[in-house]
Every structure is written in structure tokens, then in C-alpha cells.
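Please look over the sequence and the model before reading on. The paragraphs below are meant to be followed with both in view.

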Amino acid sequence: MSWLANIGFTTPWALAALLLLPVIWWLLRATPPRPQTVKFPPLRLLLKLVNREEQPERTPWWLLLLRLALAALVTVAVAHPFYAPAHLQNFGKTPLLLITDDGWASADRWDTRRAMMLDVIDTARSAGAPVTLATTAPALHAPDLVARDAASAATRAVALEPRALAPDRTALLARLKTQFADAPELHVVWITDGLDTGDAKAFAEGLQTLAKGKASVEAIVPPAEDFPVRLARPAITSGRITVTALRVPEASAETVTAVARAANGRTLGEAALTFAPGQGKAEAAFDMPVELRNEIQSIALERQHNAAAVFLLDDRWRRKSVALQTGATLDSAQPLLSPLYYVSRAIEPFVEQSQPADPAALKQSLDQGLSMLVLADIGVLPTETQAMVKDWVDRGGLLLRFAGPRLAGAATGDDTLLPVTLREGGRSLDSALSWEEPQPMQDFAVKSPFTGLALDPTVRISRQVLAEPDVDLPDRVWAALADGTPLVTAKHEGKGLIVLFHVTANADWSNLPLSGLFVEMLRRVLDLAPAAGGGNAALAGGEGQAFVPSRLLNGAGELADPPPDIQPISAAAIDTATATPETPPGLYRRGGAERALNISQSGNALTAITEWPQGVTVHGLTPDRPMPLAPYLFAAAFILFLLDCLAALWVSNGLTRLRARHALPAIMLLALTNLPPPAHADPAEDFALKSVLDTHLAYVVTGDSAIDQVSEQGLKGLSAILRDRTSVDAADPIGVNVDSDELVFFPLLYWPIRPDAPDLSDATLAKVSTYMKNGGTIFFDLREDGADALAGGVSPASAALRRMLAKLDIPPLEPVPPEHVLTKSFYLLQNFPGRYDQGQLWVERSDADAAVSTFDGVSSIIIGSNDYAAAWALDDNGDGIYATIPGGDRQREMAFRTGINIVMYALTGNYKADQVHVPALLERLGQ
């Protein structure tokens, strides 16, 4: 009978009506049945009345019982009972140990987990059992494991919040074994996040050993579709940021969107990541200009509210622009001897490089916001160039110089672009007249930006330029040789920085450029440079030698102010630091330098907990939904009501008076209730009605959700602009399937081309050909920057378009001529940009044949490559969703004008061509 404990009532006060059952019983017992109606035939009076049963004076007991049961059923049904099976075992008064994973993976459905904790605690409250609440995420101040009453445990559970850390179950298990080693009995409930970091099974087995092995363990696991999705460390390849999303492979197919945001929350780009069934990893890329890429502060997954779904980017991710110049003659036949070869190769993965050929080109680079200028063995800078570079450094630029024969032999007294005063001539350590051997490097000072780098014991310096002794020299040394002479010096100049390597940039004076240490040192210097087009250079030292927390991630993946007990991270440890309670993930600053600390860097798929020790009871996170019992009780009451009606007729002898004609309404009602349901409308007719009632722009559904979303957003934005600026009252766009949907309803069809687009079937080709020959216009968009579909382009999209159109009767095409109607159908245009502005727009050649004039001068085919839908896409605030390239509001405005001209051209034909010839028509009429 334990199932009775699982029955509850939504409106239990209605059960008070059961108290009226004795009154009903008394009324029914005291009230006799309805008197029988007896016919009185005059000829058979005695015969009919002799054998009749006497009329009872009270209601029969069985009818009384039936009516009482009916009243009880209705009363209980009105109270809306439901059956809710028990989610957990009934542990009675056994002490409860409630463990919950409160790491980043629990944040997405934390409200559900909190409700589950309160339900478990409420069960303990009902039984009067003490509760011990424990969490698995590490904390600065670990909470105690003292048993409390259920009310106090509920208060603590309500105050719990997820942490932006991974759970440490092993450390918690060690504390639990100490706390509950001698407990007589224990019931353990573990609310897991469902992820296995390699210790889940051992943790569950350890819980079973508590209380001298008498502990009973229940685990609550979320379903696979509720598991979190996190980001791995992004990568920059070929100027694109590639992001990787990870999840458990057991989850079903889904698509998540990664959003790149600036520090002010502005969306800079979106990328769709699609997981196939059984796949635990998905990748996508952000392709945007370097200026936008340098504004990214975070990449986050939409609808994933956990700290691991956010990846913070710092100065090291800002793409830098570097110009390189040398005073030596470049020898293309011997690139390894070039002064710039090793520097260029070392910084190539992180920067955009250029080599200005003259002062004019250098000035242009500096004016565009150059991050770092590298000068290799330039002894004397022209006065004009020196003033120009100095002004750039004062504004925040970073100048990196390398020594060489020219710098060693030049008079540097008037050179203001050196961090220290140099002695004339170089110092040779391995010459015949020297008693010194080539020198190794000494450990980097704590104040040096190179602190924390491991020295290469094989590095030897054979020659260097020496600095004149000065009181400021020790503060300007970043690296030194074993004998104490400077190897790298630096000085702040205005808002910028000047750094000098006292050796050559190639292997002439040392083997440092041949080592991996050289790459790391240049990377540290590059970190101090501002981003391309950015602001001031970072401060190399000063303002403390540790990175202090600026903004920290909470468990839900939101940046918040740091609490006062968070520790700073030393400069030597910042690059290898991991997220801990003392140093949680977030943004850390030292002066103008910024570093991001994220939860994880690996790219491995998440692993679900699948192995459980024997004896552990596993439940789902969401309990079974309660089953309402009221419908069944009302149905049973209705059946009893029908039985009561029949019983009343029988007792009162009413059944004999029923005639066949009385059953006719019931038969008709039964027939009506069994009529077949009305047939559904034809989907083709619904599509036709939807398409013709309003004017719609249409786009072809390609099967790629990301492309189709951009098409819908773009045409929706263009429709809004059409309604605002023209008389075209365009409704929301419609996506069409060219294989199954009718195309005749749409004057213009936007068709984005996928690089892997399949070939069209013969039936589809015939439908498309009929549509184009009957006045329809198809706008093919290759969506590629500068792609040209007809002028020798070999891009994947143009190849796919050629393959698709190979079997169609397409007339010759040409770029839109200057006098074409498309250039003046609404706006006067000569260029037709979209998201990009390099591609041309192609139409049917006007002198190809008479086909174009057949349809009022409208070309049946338009081909572009500038990704027009992405330029037309607007958000709810009317702002562009996708960045235009090279960018600017002017380009987006011209893209909208292009779209308006194309729509007006498809709707009005050569109307504007006639307007242009009005003077000639008037002259002809005058004759």
C-alpha cells in the first residue's frame, strides 16, 4: 500500500465535501423511490393487479451504495488528485548526506538542481532526519560537513551558486571519509553534473564505503540533451579564428551559435557549429577584418549559460600589424642570411607583416595604426623619418631595434630612438685579441617582461654593442649576459616603448635567433604592442609586477567584479596559470597589459558518466511527471451516473415504457460522433494562398541552416527597407524548395550558392527553365569576396554554379552596362556592393537575342558574388547583423540601394528606360 503515499491533491480543501456523505446517505435512505405508474385497463383490472410486487418504502441498499459511491467519486475528482511516484528511496530517519556538483557544468540547469536539493531536504524534514550538505567544486574556504536540521540545510541550499571551476570530487571524498568514518548509518544522495573527469566511478565507490560500508547511495543524473556544451581554445589560421565546441557524443544532433563580442557587449560576428548525431566536436570560423578581430573580448555559445561556454581573449589574441625594415642588402639567393628572416618567421603566426619600401610607405603604415616597427641594423635614420617614427612612438607605438655593424659604427649620440647610449664600435668576445669566451645569458630579472622563460643553455653571444654606464641603465635592462652586460634594453618614450636587442637579428653575432627562446622573447615583446589600429602600448613594468584580477567569470559565464580575497598572479606564472579558487577564470591586468584566464584549453569531447558501481541507484534529474487522476475519476463517476439512471428506471418500472422511437436521437448522436474527420487542406493550396495574398520576396532553401538563416534575415531586412522607402508593400520572405514548391508566385528568387551544392534533377531543371522563360528572375549569389562566376573564376561556389547551370538554356551574360535599366530602376548606381564590394553583377547581354525584351526588358538571370543577404540582414534594432567588408555605413546603404534597384527592376521592367527617352519621344510627337 506504499503507492497511497504517492497520491496528492491540487485542491485538497474540496475533500471536505466527503463529510456530507452521511447526510446524503440519510436523505437517500429516508426517501422512497418514485411511485410506479400502473395502467388501469378496464377489462383486465384484477388480472393485472393481483401479482404485482408491493412498492418499497425505502431506497434499496444497493442503489443507496451506488449513489454514495457516485457522490464520493465526484468529490474526490473535484479535489484534482494526481499520482506522483517517489523519486528517491524512503530513507526514514537515517542521516542524509546530500552532495551536489556545483562546478561550471551544473550552471545551465541550476534552478532545476536547486529544486531537486530542496525536494530531497524536504523528504528528510518529513522524516526528521539530520542533513549534511556538501559540494564538489573547490572553494577558498571549504564549508564544514556538520549535520544540521533540514531547515538550516534548505537555507544553505538556496544560497548555493555554481562556481566557474571544475569539481574536485577526490578532495571531497577524502574529507567525507574523515567525517563519516564511524557513522553508524548514512544515506547518500549525489546530484551529479553527469560528466566524468575520470574519477566518477571511484567517487561513487568511495561513498559506498562511508559509515563502515553501510552507506546507501543514490545518484541523480541529468538526461543527455541537458548536458552542457563548452568551448575549446580557439586557433588563428590564415587570418581566421577557428572555434571548437565540445559536448558528450551521446546527445542528439543540434546546432549552437558562437558569438564574438567586443568589450562593450557589441556583437561582432556569429558562427554556427553543427553537431551530427554521435559527434562530440563541431568547428566553425570567424572570418573578419583584422580591425574587428582585434576588438573581440569574448567568444560565447548562445543558450549555454556556463563559464566553459565562454572563452576570453586578451592582448595575446589581438592581431598585430608589424612593419620590418633593414639597412642591409637583401640577398634573395641566401634568405637565411637576411637580417629579417628569423624575426619574420618568429612572429609570422601572430601578426600581419609588411616591409615598407620607402619613407612614404612607412608613413602610410604608421598612420594606419601600426602595432610594432622592427629596424634591423639601421645605423642612421634620416631626420624626417626619425621625427616621424618618434611621433608614432610617443602616441603609443612599439619600436624594436636590432644591432649590427651599421649601428655599431654609427654615431648614436643624436639618435633619440635608442633606449640607452651606445659605445661606438662593437664588442667581440671570440676574436684573437680577446681573453673572453662567448657568453651565455643570465636568468631574467623579476621585473623583466621575459621573466618565467626558460633559458636555453646552448645560446652563446659572440658579439654585441655595449651601453654606456648610466644611473638609469639597470632599470632599462630586460636581459643580460652572464658577465652582466646588457643584451636587451628598453625605455618608455611618451606613451610608447623602444626596445633594443644588442645583437643582430640573424646568426652573425649569436645563435640566439636559431633558438626557440628567441621566438618566446619576441612574443613577449609583441604582447606589449598595441593591436592594429589600437590605442596605447602596454606598460612593460611598473604598477606592480603581478597581474591583478579585473573582471572574473561566475559559474553562469558572466563577467563580474572580483571579490576582495582573490589573489594576483605573478608575471612569471601568468602564462602557465590555471583556474583555482585563489585565481578563478577571468581578466587580469598589469598596467596596460591584459591577460585572460580560461577554464580549460583542451579540445577533447566531454565524457558522460556511464559506469556505476553495483548497488548505486541511479535516477533522472527531472522526476516523472505527476499523472492526473481526475479525468479517470470523472469518467468512473459518469459511468456510475448512467448505471444509476438505469437502476432508477428499473426500480420505477420505466424500462417497459421505452419505445424504439425514443432511441432514434441516441442513434443519430452516435452516428454524428462517428463521422470521419474533415479532410485536411492541400498543402500546395495553402502555399499558393500564402504566396499570392501578399507580395513576398523568396529565397531558395539550400539545406544549410546557417545560409538559410542569413537569406531569411537578409530578405526580411530588404523587405522592411522597401516598405519604408518605396510603394512596394513587401510581406515577410518565404523560403521555397525548388524541387517541390511552385515558383510562379514570385517575381524574384534569391538563390545563394553552396560550394558543395548538388546537381539539380531533370524535373527541377525543367521547372527552373519554365520559371525563367515565363518572366521570373533568379538572383544567384556566390557569397564570395571578389568571386567572378563568368570571367575565369575558379572558386568552389562559381564551379558549383557552372555545374548547376550547365544543362540550362542560359543566354550570354555581361557585367551590368553603364546605361542598363538596373542602374536607374530606383536609385542611380554604377557599383553594386553587398557585404563585399569587389564582385561584379552580371545580367543577360542586351544584344544576345530578343528574349530580354520579351519580358519587358527584365533579365531572367542575375549573378553576383558580394553576399548581398548578409549585407541586408538587420536585427530588431535596425542595425546590421553582419559586418561589411571593408566596411562602413556607406557600403551597407549602397547594398540596400542595390537590393531596391533589383526588386524594382524585377517588378517594373523597362519603365525607367522609357523615362530616359522622354525627350526623344516628345521630339518625335512634335514632328
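Predicted model: local features only at pLDDT ≥ 70, side-chain atom pairs only at ≥ 80, totals over all residues.

Residues are numbered from 1 along each chain as its sequence is written, and side-chain values use heavy atoms, with hydrogens and water left out.

The protein chain has an average pLDDT of 81, and 80% of the residues score at least 70; pLDDT is the predictor's confidence in each residue, from 0 to 100. Residues 535–544 have a pLDDT below 50, and beyond near neighbours in sequence this stretch has 29 contacts in the model, a contact being heavy atoms within 4.5 Å. The pLDDT is also below 50 over residues 848–854, a stretch with six contacts beyond near neighbours in sequence.

Helices (H or I, at least four residues) and strands (E, at least two) are DSSP runs, numbered from the N terminus. Strand E3 (residues 96–100) pairs with E4 in the parallel sense over five bridges, where pairing requires that DSSP finds at least two bridges between two strands. From E3 the chain crosses through helix H4 (residues 110–127) to E4 in a right-handed β-α-β crossover, that is, one whose path from the first strand over the helix to the second runs clockwise with the strands pointing away from the viewer.

Strand E4 (residues 131–135) is largely enclosed by the rest of the structure, because five of its five residues are buried; buried means under 20% relative accessible area, exposed over 50% and partly exposed in between, with a 1.4 Å probe and protein chains only. In a regular strand the side chains alternate between the two faces of the sheet. In E4 both faces are covered, with Val131, Leu133 and Thr135 buried on one side and Thr132 and Ala134 buried on the other.

The 12 residues of helix H15 (residues 516–527) should span 16 Å at 1.5 Å a residue, and the end C-alpha atoms are 17 Å apart, which agrees; the expected span is 1.5 Å times one less than the number of residues.

His696 has its place in strand E31 (residues 695–700) and is buried, at a relative accessible area of 9%. The side chain of His696 reaches the backbone oxygen of Asp732 at 2.7 Å. By contrast, Lys177 in helix H6 (residues 169–179) is partly exposed, at 41% relative accessibility.

Notes
Polar contact = N/O pair within 3.5 Å; in protein donor to acceptor, adjacent residues only side chain to side chain.
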